[in-house]
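Please look through the sequence and the structure shown below before reading on. The briefing that follows takes up the sheets, the contacts between the chains and the salt bridges in turn.

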Protein chains: 2
Amino acid sequence: MSTPPVLPDTLTPAAIRAAQVRIAPHIRRTPVLTSGALDTEAGAPLFFKCENLQAVGAFKARGAANAVFSLTAAAAARGVATHSSGNHAAALARAARLRGIPAYIVMPSNSPRSKVRNVERHGGLITFCEPTPEARTETCERIVEETGAAFIHPYENFDVMAGQGTAVLELLEDEPDLDVVLCPVGGGGLLAGTAVAAKSLRPAISVIAVEPEQADDAAQSFRAGRLVRRPVDTIADGLRTVVGGPNLRIMRECVDDVVTVSEAGIVTAMRRIWEELKVVIEPSAAVPYAAILEGRVPLARRRTGIILSGGNVDLEHLPWQKK
Amino acid sequence: MSTPPVLPDTLTPAAIRAAQVRIAPHIRRTPVLTSGALDTEAGAPLFFKCENLQAVGAFKARGAANAVFSLTAAAAARGVATHSSGNHAAALARAARLRGIPAYIVMPSNSPRSKVRNVERHGGLITFCEPTPEARTETCERIVEETGAAFIHPYENFDVMAGQGTAVLELLEDEPDLDVVLCPVGGGGLLAGTAVAAKSLRPAISVIAVEPEQADDAAQSFRAGRLVRRPVDTIADGLRTVVGGPNLRIMRECVDDVVTVSEAGIVTAMRRIWEELKVVIEPSAAVPYAAILEGRVPLARRRTGIILSGGNVDLEHLPWQKK
């Protein structure tokens, strides 16, 4: 078997700037939306970076594109692999197809049909496994061994983090005078990229991570200074992951605070954004605005950027509708 | 009573260009979105101009702003008036507040609460009347007589049409090489502005109007060369109006064709746009894409602009959901 590709072992502002150039041909420059009604409700000017309008409907397109296009030609030829049932899998399949290489995606056998279809439409080569974390890891390791594919972790990979950080670079190009950035945290890939990029351009900016109360491992880990495992059960399906080790280290260096929000707050925030911004966002993307609605972040008229992380929802059943 | 203000009696490209400058401080420059999946489905590259992301959630903000800011100071001081239960009323109230003048809005007593709230939040002065066309007109005429306010018709007013035409000017600035523009038609204000603006910049462009089969008075009138009244009963609530006389005259000069779509096609198109573009659009805005899905417009890979006219929907009940 050939040598696995060498991956970077840290996240630097330079890597994020390089990612921006590298992925520009492969991702969308997403718009920044504003709403007078939401500004009034928040008591501060808000700038929503619409990664729900990104390719594959989520910021994940950025990190996946950066990871795939950072590989050497020799490494890339062997393909990429991941285990994920969410947006990262579709994003990695899409990026691999753009580079003309195979993407091996391991998915639990009970994955929702819509998630499977999202990977299939981008040409991902799916292997189903038993729906346990161990089976996912083992199946993926076996595929990596057999194919020599590069394993691209959804958030602990530094190329992935660098790609995710390009969203806030664009936001700060459009709105250079932000005082605060609010970012959801699940595994911590978007958060790590956002924090390093934002602080490098604007050291005085506050970077606040927001997490569901019912999945508060990042908040607990942030305070404890070590990985604290907690039960994870939230409507925000994109945040049903636990924060990664490298991600926590970067959080401790660059993130100012981690606050939590209620499930009801997430649903209210999601609905308010649909109503006022007229965009489809998934529950995870509503988490930062929920922190404002629930008074968890004192904004005091500070100019605030919010990353709307994704828009992949089941349009048959919206969480504010009676069953 | 003082002399009513003199209003223009035709629509020129110069008036639309002037409107663009006049209203720029008061409206949003809306993004143009694309989707690989929708392009594949259509067999042509599509460019969606997102007027659902406009202030008040609809292109109506443009025409209202142009009408209000075109008034002389003396005329403006007496305020503006209209009868409407839809987006035009909210847009006129908003524009009047921006200019610091009163907006008198006549609404049927059975208007949905959400529409009333939309007018109230922008400071409109509402007079309720019996829910008949005659009562609306009479009540509005009485208010105009009493106050000297300028009556701003939702689509037969040429300043309103000029304002609506600025959306396609922006679209053609962003995507100069369009071959076709698809535009919904109800009263014909957006269509008149779009057709005159598009043809002036790009004489070879095809401007195709799209209308629900169940509200096909514009299509019938276009073919007959005179106003044909037809029953109007469609899910596309923004198109439940009949085409105006001046609007039909402009259509006959500048519009290449008027095609119609089914109710089921509108619902399917609306859902596809929510799924793929991740934006909230109202049924009226889905009508042009429905024409593509139903094969009513042979695109043959031509670059096609589509005006997504608005995003004001009831989020409790989506038309594709079972009751």
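**Briefing on a predicted two-chain model**

In chain B, P184(B) stands opposite V210(B), a residue of β8(B); helices (H or I, at least four residues) and strands (E, at least two) are DSSP runs, numbered from the N terminus. This is a predicted model, in which local features need pLDDT of at least 70 and side-chain atom pairs count only at pLDDT 80 or more, while totals for chains, interfaces and linings use all residues. Residues are numbered from 1 along each chain as its sequence is written, chains are lettered from A and ligands numbered from 1 in the order in which they are written, and side-chain values use heavy atoms, with hydrogens and water left out.

**The sheet of chain B**

- Strand β7 (residues 180-184) and strand β8 (residues 206-212) of chain B pair in the parallel sense over five bridges, where two strands count as paired if DSSP finds at least two bridges between them.
- These strands belong to an open sheet of six strands with mixed pairing, whose order in chain B is β1-β2-β10-β7-β8-β9.
- At the edges of this sheet stand β1 (32-33) and β9 (257-261) of chain B, each with a single partner strand, so one side of each is left without a neighbour in the sheet.
- Helix α11 (residues 217-224) of chain B packs on the sheet and touches β8 and β9 of chain B, its direction making about 150 degrees with that of β9(B); contact means heavy atoms within 4.5 Å, and axes are lines fitted to C-alpha atoms, for helices over the stretch in contact, with angles that run from 0 to 180 degrees between N-to-C directions.

**The sheet of chain A**

- Chain A holds an open sheet of six strands in the order β1-β2-β10-β7-β8-β9, and its pairing is mixed.
- The edge strands are β1 (32-33) and β9 of chain A, each of which pairs on one side only.
- Strands β7 (residues 180-184) and β8 (residues 206-212) of chain A pair in the parallel sense over five bridges, and V180(A) stands opposite S206(A) in β8(A).
- Helix α9 (residues 166-174) of chain A packs on the sheet, touching β1, β2 (46-50), β7 and β10 (304-308) of chain A, and its direction makes about 135 degrees with that of β2(A).
- Helix α11(A) also packs on the sheet, where it touches β8 and β9 of chain A at about 150 degrees to the direction of β9(A).

**Where the chains meet**

- In this model, 28 residues of chain A are in contact with 27 residues of chain B.
- The area buried between chain A and chain B is about 2100 Å², of which carbon and sulfur atoms give 49%; buried area is the accessible area (1.4 Å probe) that two parts lose on being put together, summed over both.
- K278(A), L315(A) and E316(A) supply 32% of the area that chain A buries against chain B, more than any other three residues.

**Salt bridges**

- The structure holds 44 salt bridges over all chains, each being a side-chain nitrogen of Lys or Arg within 4 Å of a carboxyl oxygen of Asp or Glu.
- Within chain A, the side chains of D257(A) and R223(A) meet in a salt bridge (3.5 Å, N to O).
- This pair links distant parts of the chain, with D257(A) in strand β9 (residues 257-261) and R223(A) in helix α11 (residues 217-224), 34 residues apart.
- Between chain A and chain B the count is four salt bridges, and the side chains of E316(B) and R271(A) meet in a salt bridge (2.6 Å, N to O).
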